[in-house]
Amino acid sequence: MNISAIRDIKDWPWLVLLPVIGFVLIGIFAPAIMPYDPSAQDYSATLEGMSWNHWLGTDYLGRDVFSRIVGGARISLVAMVIVLVAALAIGVTIGSFAGYVGGRVELVLISIIDIALALPSLVIALALIGILGTGYWSMITALTLAWWANYARMSRAVVTAELQQPYIEAARVMGAGHLWIFVRHILPHVLALVVVYASADAGALVLAIATLSFLGLGVAPPTPEWGQMLVDGMSYIEEVPRLVVLPGLALTLVVVSFNLLGEAFALQKVPRPVRGATLRRRRKARAREEAERNAVETGTTSA
Amino acid sequence: MKRTILRRMLLACLLILAASALTFALVAAAPGNVAALIAERAAGPGADAHMIAKIGNELGLYDPLPIRYGRWLSGALAGDFGISLRTGKPISSEFAARIPMTAALLAGGGILAFIFSIALGIAGAVSNGGVMDRFLHAFSLIGASTPNFFVAALLVIVFSVMLGWVPTFGTSGFTSWLLPWVTIALFPASVLSRVVRVNLQEAMSRPFATTGFAKGFTRTQVLLREALPNIAIPFLTTFGAQFTLMIIGSIVVETVFALRGVGAFFIEAIRFRDFIGMQSVLLLFVVFFVMVNFIVDMICIVADPRMRRARGA
């Protein structure tokens, strides 16, 4: 496992990191950026167009759309970070435990992980919301429980691979305890892989939060949330399509940013789980190198 | 080969069994008693313990879990999913009306995704770094990043509100299906076109492609004659995965376009905490996922002799 790729800061895809950093900054400083209270209604100024007072106009309750979009960034960011941290904590703990302990315990945990991965995460989240009821915290809980399994599978794979390494044996011979070996020697490898994967996965999570809110099962009004703003605006789609387009654009931009980041990570050859899309990207990179070599050797014009 | 297929079939059945048991356990563990919910709906908030116990006894809710699970699964296999807590009608009759709707949505979306991904992927490979290739890259990135409810909204704004070509909601004739189909197909089409493009590129660097060049074929000819058949396996596998993911798309699309399908039923069941309805839909989904994966596996085994040997052992 090559973690130097992550430590080597000059190799980081700084340019594709910028939109993501922008999103995070807007989320953090949202209260300072918002010119109005995003939930404040003003019936004397409903459905106004763009103006100096209201940069992106107002919605049907006279709420400032710009403030709501900026506020929505904060809601998405906070919810996404909570779910990601919780899912990482659960996934890394269970996956590492399974990989380290091995034997029957591992078999049982792996079966649970595999069944959890057999259904799409969002379907699991929906089912859990049905059981827990709707609301912000049940959405957070449901998404966490739907998201951990992937990280658990990854963590287990890394732990199993690292345990084969001679330095683990060396540490054991030197009298290191299980906890020391795990925390000092294995955990950094696990985190290096899982955190990189999670940072690219964050876009999918932002999308899931918006989708659940769009379906009326996530963030409830009047809290500004993009998916919920969009479904709110659907009633005015013929007169004021802006109310639908703007939150949708904001959401799409954020997801595109994270997906670009994920693509950049894949091209950087940062260690990532070898499944589906990554495998294809790696194959693509390999194919491109090979094709270049072929082109030089055979003189054909490919790639 | 027969043995491989039989083994896969057994595995599929086991998977359905395991996943349905998990679904059942999940709903059985739900806080709040189903009997209490029914009693509350029948008699208002004043339902007393006696009534709850009576309803619970009638439904056999006090039997041990494995027995309840067996009863539920055997009933479902016979087409009896129980009574919906929300509508008070048998869920099977809901399904009879809704499954064709969702099936039509998935089939149309699947066909669109299939055609467009192959066409775009080939166009990208033929252009090979040119304008079409760049367009494909941008399309696949944006298509895979745009939430499907936003796609639906944009399509409605452009084609219904501005141009007035198709009706906004509901089902009235062929044209009303176009927007839902395009919406549901966009995400899988973007992912799959990338898969086609990348795998074509990879196939072009393999020895058989070089042989094709040596025979004097042009790049496009080699692409279509030699490379294209060779991407069947990765394409079909990803197509299967994307097709199952289209269930999520169908949930959103049915809600946006007010189609009365299974996905919309699922969302209503979740909103009204109709546990029995939720359970039935989840079982349906599980069966669908396992079936799609099984069929894809079968096609792969039939299409690629190497798979037969690799898995037949």
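Analyst: Helices here are DSSP runs of H or I with at least four residues, numbered from the N terminus. On that numbering, P222(A) sits in the loop of chain A between α9 (178–214) and α10 (226–233). The model is a predicted one, and the values below are computed from it.

The peptide bond that runs from P221(A) to P222(A) is cis, and its omega is near 5°. Most peptide bonds are trans, and most residues other than glycine have a negative phi.

Chain A has twelve helices and zero strands, so read along the sequence its pattern is α-α-α-α-α-α-α-α-α-α-α-α. Of its 303 residues, 42% count as buried. Among the contacts in chain A between residues at least 6 apart in sequence, 64% join residues at least 24 apart.

Chain B supplies two cases that concern phi. A258(B) is not a glycine, yet its phi is positive, about 55°. This residue lies in the loop between α11 (232–256) and α12 (262–271) of chain B. A258(B) counts as exposed because it has 11 C-beta neighbours inside 10 Å, and the cut-off for exposed is 12 or fewer.

R273(B), also a residue other than glycine, has a positive phi near 50°. R273(B) is placed in the loop between α12 and α13 (275–303) of chain B. With 19 other C-beta atoms within 10 Å, R273(B) is partly exposed, since a residue needs 20 or more to count as buried.

On confidence, chain A averages a pLDDT of 82, and 84% of the residues score at least 70. Among the elements of chain A, the lowest mean pLDDT, 47, belongs to helix α1 (residues 4–7), and the highest, 93, to helix α4 (residues 65–101). Residues 270–279 of chain A have pLDDT below 50, and this stretch has 17 contacts in the model beyond near neighbours in sequence. Residues 296–303 of chain A are also below 50, with 16 contacts beyond near neighbours in sequence. Where pLDDT is low, the predicted coordinates should not be read in detail.

Conventions
Residues are numbered from 1 along each chain as its sequence is written. Chains are lettered from A and ligands numbered from 1 in the order in which they are written. This is a predicted model: local features need pLDDT of at least 70, side-chain atom pairs count only at pLDDT 80 or more; totals for chains, interfaces and linings use all residues. Two residues are in contact if their C-beta atoms, placed from the backbone, lie within 7 Å. pLDDT is the predictor's confidence in each residue, from 0 to 100.
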